[in-house]
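Me: Could you walk me through reading a structure, feature by feature?

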Amino acid sequence: MKSILASTAVVVTFCATPAVSAEFPKTGEAEYETYYVDNVVAKFGGAGTGGIVDETGVTRNVKGEGPFHDMSVRCLYHWSLVEGTRHSNGSCVHIDKDGDNIFATFNDQTTYLMGGTGKYKGITGTVRYTEAQLHDAAGGRQAVIINHKATWQIK
């Protein structure tokens, strides 16, 4: 009877112990891709064209694991097109499997890691990116793959 109680206590202890979140390096570099689908919220035109986009996606580290792997992303951004020149800027939240997040802002070719929660608290860094257009998704939504090359530090 004592061995059954002891075994039950061990099982309950392990089942009740919360999962430890994955460690994130305090400094580093990583390459990852994000697969986005855009939802144009508003679009207008005149001498130029502009729009507001609500974008969602999923990140994948190019190594198949490691920093920035399997994160969901939501961005809001503004774009403008004047005389053939396009500009964009916005903000994104990257959320990992543990619910910890990174807040970032971006402009035409650089993302800036501005802070985070949980394991990302105190993160700062820069992320250079390039964009590859895909065929529009069903319903005419723009689909893109963004390749990111990130450097960061957590203080």
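**Reading around Asp 100**

Me: Where is Asp 100 placed?

Reply: Asp 100 lies in the loop between strand E4 (85–95) and strand E5 (101–106). Helices (H or I, at least four residues) and strands (E, at least two) are DSSP runs, numbered from the N terminus. This is a predicted model: local features need pLDDT of at least 70, side-chain atom pairs count only at pLDDT 80 or more, and totals for chains, interfaces and linings use all residues. Residues are numbered from 1 along each chain as its sequence is written, and side-chain values use heavy atoms, leaving out hydrogens and water.

Me: Is Asp 100 buried or exposed?

Reply: Buried means under 20% relative accessible area, exposed over 50%, partly exposed in between (1.4 Å probe, protein chains only). Asp 100 counts as buried because its relative accessibility is 14%.

Me: Which residues does Asp 100 touch?

Reply: Contact means heavy atoms within 4.5 Å. Not counting residues up to four places away in sequence, Asp 100 touches His 94, Ile 95, Thr 117, Gly 118, Lys 119 and Tyr 120.

Me: Which cysteines does a disulfide join?

Reply: A disulfide is a pair of cysteine sulfur atoms within 2.5 Å. Here one joins Cys 75 to Cys 92, with S to S at 2.0 Å. The pair links distant parts of the chain, 17 residues apart: Cys 75 is in strand E3 (residues 72–82) and Cys 92 in strand E4. Cys 75 is buried, at 1% relative accessible area, and Cys 92 is buried at 5%.

Me: How many helices and strands does the chain have?

Reply: The chain has one helix and eight strands, in the order α-β-β-β-β-β-β-β-β along the sequence.
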